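Subject: The structure I promised you

Hi,

Here is the structure I said I would pass on. Have it open while you read, and I'll walk you through what turned up.

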Amino acid sequence: MTSASRPHVLIVDDEPHLCELLAFRLEHHGYRVSTELTGKGGIEALGRERVDAMIVDLRLEDTDGLTVLGEVQKRSPDVPVVILTAHGTIETAVEAMRRGAYGFLTKPFHDHDLLQKLTHAVESGKLRREVAGLRRIVGAESGEMRLLGTSDRIAAAREIISRVAPSDATVLLLGESGTGKELAARSLHDLSPRRGKPFVAVNCSALPAELLESELFGHVRGSFTGALRDKEGLFASAHGGTLLLDEIGDAPPPVQVKLLRVLQERRFTRVGSATEEDVDVRVVAATNRDLLAEVREGRFREDLFYRLHVVPIVMPKLRDRPEDIPLLAEVFLSRAAARHGLPEPQPSPEALKVLLAHPWPGNVRELANVMEGAVLLCRGQRLQPEDLSALLVPPARQLVDSRESQQSEVDVEEADVSAGAEPGSEAMSLAFGDPGAPLPPLRAARDAFERAYLVEVLRRSNGNVSAAAKLSGRNRTDLYDLLRKHGLSSASFKE
């Protein structure tokens, strides 16, 4: 490895002997090291050449480490900073992390802790630079834009977001689970004049009607059993900012009535109160349901639908923009490798073919989860198809065909059992496809089976979450959490 290719670490500490000792240790482990004895010198050195990570003492002769950290954040926000101090307290650590420090080490420290923290910091800096480069590639107008991709479909969604964001218009985000609706909502907020105010999100399917109403609008003391004190709702918390109503299609009728009122009048009433309160909130709603169908069937108010449907934005399915899959896969591999402190594997051409052929029912969220699993399971520097075999769940139709085929061959199954086949082989086949393939780690196997089970239970219930919850013996909220975890949309299974 040449000197220029080694990660460059800048140490800022007013103790010359410690600087020398740290430099010796880090150079021995393959780093290129520069040292400065003052905060001013560290900032100037940062401007002379590229730095991959910084180690900054909290107490310096001319300033303090948090001040240096602030300057680094302004000048080179992609450079991770590890704060080093002999005066470590919980309060100092929290403040350093709040201001953007990558990590915190207290003297005396072990070499292992330093090297591990620094390895992760360098990987994090690399990832930040890559993502910044991708943002330039995709033409994002703000450093906060998070919707990556070069396809026409995602570019069209970004273009609508950039045009609508400066206004206060209500936006309805439509699309399957995992397509990035919450990221789009955050982008609307970040590109708007409200970006300095709160962004608040609530999942309307995660709470019963009574609790959701209280969560959104707040309540007064004594308004119901357990209301021991006044509570401020999310509309009040988001005042001046943006409120995302995720899974709006699951909002119960009483909540729909109050939402219509607040959208029309910009006023609301807390549960148990007779006093109306003014609110200034930009509302963004999101759903993976066909709301017009819900209106026709009487489950969603027509007047509320049109109040929300001011600017609809359809988030594209990942299978409809396959040209974005290689770029997104590399980004997610980088993120997962940095998060777990592991080498970043590069996808082989064969692995990319597998990724491009997969239908991605869970969309971008599913791709991110698969890439995280791939980082953990990859056995070399190149990601191969066999590294993905336990992670890619077969499409729902294939699972159905497989199960129907198995059920129609009862005699064969009984013969297998009598010949010594392992109990539960059907479950193994459901999760992994080939029972003879190498076994993945238990956690990956459990996740793969859990996802396959959810696909099957949604198929049997025709996408009806209440029926699926009853069939699986889980409550509805838990089932929604599991579906989100695995990037599954119940709407995809409705006939």
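A quick definition to begin with: helices (H or I, at least four residues) and strands (E, at least two) are DSSP runs, numbered from the N terminus. Keep in mind that this is a predicted model, so local features need pLDDT of at least 70 and side-chain atom pairs count only at pLDDT 80 or more, while totals for chains, interfaces and linings use all residues. Residues are numbered from 1 along each chain as its sequence is written, and side-chain values use heavy atoms, with hydrogens and water left out.

**The overall picture**

The chain has 22 helices and 14 strands. Of its 495 residues, 47% are buried, where buried means under 20% relative accessible area, exposed means over 50%, and partly exposed is in between (1.4 Å probe, protein chains only). Contact means heavy atoms within 4.5 Å. Among contacts between residues at least 6 apart in sequence, 69% join residues at least 24 apart.

There are zero disulfides; to count as one, a pair of cysteine sulfur atoms must lie within 2.5 Å. While we're on cysteines, C19 is buried at a relative accessible area of 4%, and C204 is buried too, at 1%.

**Strand 3**

Start with D57, which sits in strand 3 (residues 53-57). UniProt, in an unreviewed entry, gives D57 the feature "modified residue: 4-aspartylphosphate". UniProt positions are given in the numbering used here, feature names are shortened, and annotations may be inferred rather than shown by experiment. Is D57 buried or exposed? D57 counts as buried because its relative accessible area is 5%. Leaving out residues up to four places away in sequence, D57 touches V12, D13, D14, G65, L84, T85 and K107.

I55 lies in strand 3 as well, and at 2% relative accessibility I55 is buried. Have a look at I55 and V12: they are 43 residues apart in sequence, yet 6.2 Å apart in space, C-alpha to C-alpha.

The expected span of a helix is 1.5 Å times one less than its number of residues. Helix 13 has 16 residues and should span 22 Å, which agrees with the 22 Å between its end C-alpha atoms.

In helix 15 the buried residues include V364, E366, L367 and V370. Helix 13 has buried residues too, among them I325, L327, F332 and A338. Just after helix 13, G341 takes a positive phi of about 65 degrees.

What lines the largest pocket? There are 25 lining residues, with G178, G180, L183, V364 and R365 nearest the centre. Helix 7 (181-190), helix 13 (325-340) and helix 15 are the elements that give two or more residues to that lining. The space in this pocket is about 620 Å³.

Here is how such spaces are found: on a 1 Å grid over the protein atoms alone, a cavity is a set of points where a 1.4 Å probe fits but cannot get out, and a pocket is an open set with protein on both sides within 12 Å along at least five of seven lines; lining residues have an atom within 4 Å of a point. Grid points are joined across faces, edges and corners, and a volume is the space filled by probe spheres set on the points.

**A cavity and some loop residues**

The count comes to two cavities of 30 Å³ or more, and the largest cavity holds about 90 Å³. Its lining includes S177, E247, L483 and L488.

E247 is in the loop between strand 8 (242-246) and helix 10 (253-265). E247 has a positive phi of about 50 degrees although it is not a glycine, and it is buried at 9%. W360, in the loop between helix 14 (349-357) and helix 15, also has a positive phi, near 50 degrees. W360 is buried, at 0% relative accessibility.

Last stop: R451 in helix 20 (residues 442-460), buried at 6%. Not counting residues up to four places away, R451 touches P361, G362, E366, V393, H486, G487 and L488.

Cheers
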